[in-house]
Structure formats: structure tokens, C-alpha cells
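Here is a brief report on one structure.

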Amino acid sequence: METNKYKQDINITPELQQRIDELLSHYPSDKKKSALLPVLHEVQDAHDNWLSTELMDKVAEILEIKPIEVYEVVTFYTMYNQKPMGKYTFEFCLTSCCGLRGADDMMEYTCEKLGIKPGGTTADGLFSVAGVQCLGACGYAPMMQLGDFYKEHLTKEKIDQIIKDCKAGNIILHDK
Amino acid sequence: MATKILLDKINVPGIRSYEVYRQQGGYSSVEKALKTMTPDEITEEVKASGLRGRGGAGFPVGLKWSFIDKKSGKPRHLVCNADESEPGTFKDRYLMEYIPHLLIEGMITSSYALGANLSYIYIRGEYMWVFKTLERAIKEAYAAGWLGKNILGTDYSLDLHVHCGAGAYICGEETALIESLEGKRGNPRIKPPFPAVSGLWGNPTVVNNVESIANVPWIVNNSGADYAKLGVGRSTGTKLISASGHIKKPGVYEIELGISVDEFINSDEYCGGMMDSRPLKALVPGGSSVPVLPAHLIYKTANGEDRMMTYESLAEGGFESGSMMGSGGFIVYNDTACIVRNTWNFARFYAHESCGQCSPCREGTGWLEKVLHRIETGQGTMEDIDLLWDIQKNIEGNTICPLGDAAAWPVAAAIRHFRDEFEYHVLYPEKVKNRDHFMNEPFESIKHLITN
């Protein structure tokens with residue numbers, strides 16, 4: 001797996017453990033595996049937005065399932081990252097109306113501004129840009145996902161402002 | 001103003017909070033159901049309403065409920081499908097984001113009807129802020145005594161939780177959704193057995209779309225018969241339409257089924273007409289999976305009748321000259337849109353989202369994407385157009401789940417109605433190099449180049 005190329009410090013803090021326990025309480029006690037997807041989201045959010053093999057093994061241990069059961073899920077779903085991503089990852093929806101209403105232009109503009117290609121990350125590790133499939137915001141196109149939130153009706157001016165806010169640390173990524 | 005069932009309170013300040021929702025009469029269907037009705041009586045009301053599944057397939061909700069296995073003695077579950085991933089569709093998010101307690105109320109009343117004591121809302125992972133909105137709303141509902149043990153002092157108990165996916169269109173298919181809820185890859189299951197017999201953890205399960213469930217409180221508070229008075233024929237009630245594309249006012253609208261497509265596109269109450277007043281070229285009325293309609297088949301059917309916003313009228317003419325209501329993902333195109341590019345865009349989506357389980361879909365969606373990309377970028381041949389037709393025909397009907405059909409139909413319809421535009425791409429490759437090729441030179445203005 002690609003994850004083996006990178007190192008990650010694993011830290012299941014008491015707060016994270018508490019959140020995992022809360023998620024586990026939503027399923028019957030003999031169906032812990034059901035909590036896998038939500039638990040992976042929480043663990044990934046707490047670990048710089050990616051999942052190393054070691055971290056996946058840790059999740060397997062917590063849910064009392066085999067590591068392969070975690071790997072096969074992580075590699076199936078697009079929201080789990082198997083390599084380090086920028087702190088601020090801009091995911092542009094390219095499908096349907098977004099494509100119709102300028103998503104490609106917006107992504108190209110952003111990439112140019114940051115000096116990276118789609119799928120790339122800036123050298124300082126602050127930004128990544130990726131093109132993704134339909135995010136369900138077709139009426140508010142063009143748009144992108146940033147952390148837990150959507151940034152909609154994008155214009156070049158809006159993108160400039162978002163990048164500025166990210167650099168100044170004024171962007172909230174997760175809805176706690 | 002048309003009757004609104006789902007969005008009538010959407011503009012009440014603070015309706016997102018429990019207090020305001022309750023002050024506005026929220027949760028009254030739970031009181032009525034638990035205190036005065038049997039579960040079967042509720043199912044009968046929903047049957048009488050004629051409510052059809054709002055996720056895309058349009059299967060009668062009450063009938064689906066009646067299939068749930070009540071004899072096995074196993075626990076039963078209601079799972080709400082909030083995976084909303086069909087391109088062009090964003091209505092469920094709107095409901096959950098702005099009036100989350102309506103869905104929770106519907107889940108309680110519907111779970112009671114099914115005899116489910118543990119139910120879930122499965123929401124796509126990208127809607128993470130909505131997931132958290134629902135989590136908070138569920139906590140409020142527990143605190144107010146609408147969830148948990150012995151609700152309202154009755155024998156009925158219900159635990160309700162929200163579960164998030166992680167980016168996979170296929171999980172909107174109900175058996176893939178169940179797999180995903182069990183913590184697995186979203187590979188659809190072979191049916192039978194249907195979820196009503198063996199669903200979540202092998203237990204009898206009903207999976208319903210957000211909008212379907214959100215209609216249940218109104219049906220219980222009023223009656224199935226009252227609901228059936230709205231709409232036309234077998235298209236009863238109201239429907240949320242996600243309107244997008246080249247229109248003046250994209251957004252989510254609740255319509256009474258039976259208004260005309262013309263009214264929906266052109267009236268100020270809904271889409272407000274075409275953006276920049278450019279001509280209408282095409283319409284995808286029900287999400288990316290349904291056949292695209294060319295301009296002359298949008299306002300009128302092939303028989304010359306007015307095209308209405310109903311399940312039947314949108315499908316009038318079959319695939320030859322009609323389309324489908326689908327999820328209500330209503331995408332409007334003006335003359336600057338390129339049908340080939342749009343079809344390629346959809347094909348890329350399906351190729352990306354195929355779970356890979358069935359070869360016709362796994363391989364076929366990739367081929368469709370490649371061949372369409374070739375044509376769109378001016379590298380295609382005339383044989384490629386026939387090849388596309390052949391590939392889509394070999395996918396349709398040959399897969400475990402409907403994703404294969406969903407990938408095939410838009411391609412077939414695009415070739416059926418816009419073949420000349422494909423041929424133009426083959427014959428004039430230098431003219432389609434730029435991705436905005438019809439922006440300054442709409443196809444209509446250069447069509448004569450290939451008609452003779």
C-alpha cells in the first residue's frame with residue numbers, strides 16, 4: 001500500500017477515545033464493525049487528514065476486527081486518504097452542473113495560484129487540490145469541499161479570499 | 001400558492017431548533033401514532049396516500065413496508081437513505097440541513113409502523129456538517145423524550161442514530177448501503193433475499209429515501225386520502241425538485257405533482273426562466289441516470305400533449321421520446337452546452353463510481369468514458385458512435401444493481417437524440433479542441449455543416 005512510504009505519529013487522545021466510544025454505542029455490542037466508517041473519519045480528522053497502515057491497524061484493534069477488514073474499506077471509499085494531504089484540501093466537484101458552470105476554470109485558477117497540479121500538495125504542506133465527483137450541490141455550482149464544509153457559488157475573488165483566510169488560520173475545518 | 005407539505009415551515013426563523021419545531025406543531029404525528037393508531041393502521045394510511053419512493057425508483061412506500069417480515073421474530077430496522085449522490089440531486093440535504101427534526105419525526109412514526117426498535121439514517125460522508133446537525137437534533141429529541149425507552153409512556157421504544165458514509169455513489173443502492181452500514185465495502189447484494197426479509201445484520205429491514213420519510217408525519221396528521229387528493233393519478237402528493245443548470249434561479253422547490261414542465265421552468269415561483277434568456281437545448285429531468293430530452297420533447301410529448309411534472313408524463317413515450325422522474329434532479333441546458341461533453345462528464349462519473357463487482361459495468365463504464373472522451377476531444381471516429389451504442393446495450397440489464405443501467409441510459413439517449421452533434425465532433429475535430437466550444441458558436445448555428 002502507498003501508505004508505507006510515509007510516517008505518521010499515532011495518538012489516540014482521551015477526547016478521541018471518548019468520541020470513538022460514543023460512536024460505538026450507536027451499534028449493538030456484537031456489531032462493532034458497523035462503526036468502522038464513522039470511526040475512520042474521526043481518526044483521520046485527528047491525524048492530519050490521512051490514514052497510515054499503522055493507524056488502520058490501530059483502528060482494527062479498537063473495533064476487534066482484522067486489519068484487512070479496515071484496509072479493504074479504506075481503499076474502497078474516496079474520502080479516506082492513504083497519503084499525507086495538505087492541511088487545507090480543496091476538493092472541486094467536476095460533475096454535471098459544476099462542469100457546466102465553470103468548475104474546471106475554478107480548479108485551474110486555484111492550481112495556478114498555488115503552483116500545483118490537481119492531485120498535488122504545496123511544498124509547505126498547507127494546500128492540496130483535487131477534482132472529485134458529484135458533491136450534491138448542483139444548484140450552487142461551482143463549488144468545493146473544504147473540511148466538513150462546502151464553499152459554493154465560487155468565483156476567482158472568493159477563491160482568493162479563501163486562500164488568504166487559510167493562510168491566516170481563519171478557516172474552520174471541522175464542525176465539532 | 002401551491003400546497004406545501006415539506007417546506008411549508010422552512011422559512012420560520014429557528015425552525016432548525018427543537019423548540020421552534022415543536023412550537024410549530026412538530027412531533028404531533030408521533031403523539032397521534034403512538035397513542036391512537038396501531039402500526040398496521042399507519043401502514044394502511046401510507047398505502048392509501050399513494051406515496052411513491054422519492055429516491056428515484058418510485059416504488060410505492062406503503063407496499064414496500066407491507067413486505068417487511070414480521071413473523072421471523074428477528075429485530076426489524078428502518079434505514080433512511082440519505083446518501084443522496086445522484087448528480088443533479090440536492091434536495092435531501094436541504095431538508096436535513098434546514099429542518100432536521102422533520103426527518104427525525106418521520107423516522108419515529110415510520111419505525112413505529114414497521115415495529116423497528118433500532119433505526120439509522122445513513123448520510124453520505126461529504127455532508128459532514130449535516131451529519132453533525134442531525135446528531136445534535138437526535139440528542140435534542142432524546143432529551144425531549146421522543147426517542148429512547150417507552151416513548152410517551154407507551155410500550156414502544158426506539159433508538160435512532162445517524163451513520164456516515166465516506167464517498168461512494170453506489171451506497172445509495174439499498175443493499176450496498178446496508179453493506180456499508182455493516183462496516184464493509186459498498187458492494188450491492190444479489191436479490192433475493194430482499195432487505196425486507198434479510199437486510200441489516202440479516203434482519204428484516206426497510207430502506208426509504210429522506211423525502212419519502214419526511215412525508216409520513218403529514219400523512220399521519222391528516223390522512224392518506226388527503227395526501228392522495230394532491231397531484232394527478234398515480235403521481236400523488238408533492239415532490240421536491242432540485243433545479244440546476246442554465247436557469248435563472250437554481251434551488252430546491254416543492255411542487256404539487258401535475259404542474260407543467262413549462263410552468264416549472266418559466267414561472268417566477270420556480271426556475272424563473274432561462275439564464276441570460278438563452279434558448280433551451282436539453283433537459284435531464286430526474287438526475288444524471290435518466291434519458292436526456294431534446295428541446296422539442298421538453299414542453300410537449302411526442303404526441304403533442306403538454307409534458308407534466310408527473311411520473312407518468314415525464315416517462316411518456318418510453319425511452320424513444322420520454323424520460324423519467326427519477327430523483328427529481330432537474331438539470332437544464334441552454335444552447336452553449338455540449339451534449340457530448342456532458343455525456344462524457346456523466347460517463348466519467350459512473351466509471352469512477354462503479355464498485356467493480358460485475359464485469360459489464362466495471363469494464364463497460366470505463367470504455368464508455370474513454371470513447372466519449374475521444375470523441376469530445378476531436379479524436380473519435382464514426383465507428384466510435386456505434387461502439388458506444390454497442391457498449392451501453394451490453395451493460396444494460398446485465399448487472400447486479402441498477403448502476404449499470406444508470407450508466408447506459410444517458411449514453412443511449414444522447415446518441416438517440418443528438419447523434420448529429422456526435423458526428424460534428426468527429427467531422428470537425430479542430431472546432432472542438434477548446435472545452436467551451438459551443439460557448440461562442442452554439443451547435444444550432446453550425447448544424448447545417450453536417451445535415452447535408
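## Chain A

Of the 176 residues of chain A, 40% are buried (20 or more other C-beta atoms within 10 Å of a residue's own, with C-beta atoms placed from the backbone; 12 or fewer is exposed, in between partly exposed). The model is predicted: local features need pLDDT of at least 70 and side-chain atom pairs pLDDT 80 or more, while totals for chains, interfaces and linings use all residues. Residues are numbered from 1 along each chain as its sequence is written, with chains lettered from A and ligands numbered from 1 in the order written.

Chain A holds 7 helices and 4 strands (DSSP runs numbered from the N terminus: H or I of at least four residues, E of at least two). Their order from the N terminus is α-α-α-α-β-α-α-β-β-β-α. The C-alpha trace spans about 50 × 35 × 30 Å along its principal axes.

## Nonpolar core

The largest nonpolar core has 187 residues (buried Ala, Val, Leu, Ile, Met, Phe, Trp, Tyr and Cys joined through C-beta atoms within 7 Å). Helix H17 (residues 403-427) of chain B gives the largest share, 13 residues. Cys93(A) and Leu103(B) have the most contacts inside this core.

## Helix H5 of chain B

Helix H5 (residues 91-98) of chain B has 6 of its 8 residues buried, so it is largely enclosed by the rest of the structure. The buried ones are Lys91(B), Asp92(B), Arg93(B), Tyr94(B), Leu95(B) and Met96(B). Among the elements of chain B that cover them are strand S1 (77-82) and helix H6 (100-114).

Notes. Contact = placed C-beta atoms within 7 Å.
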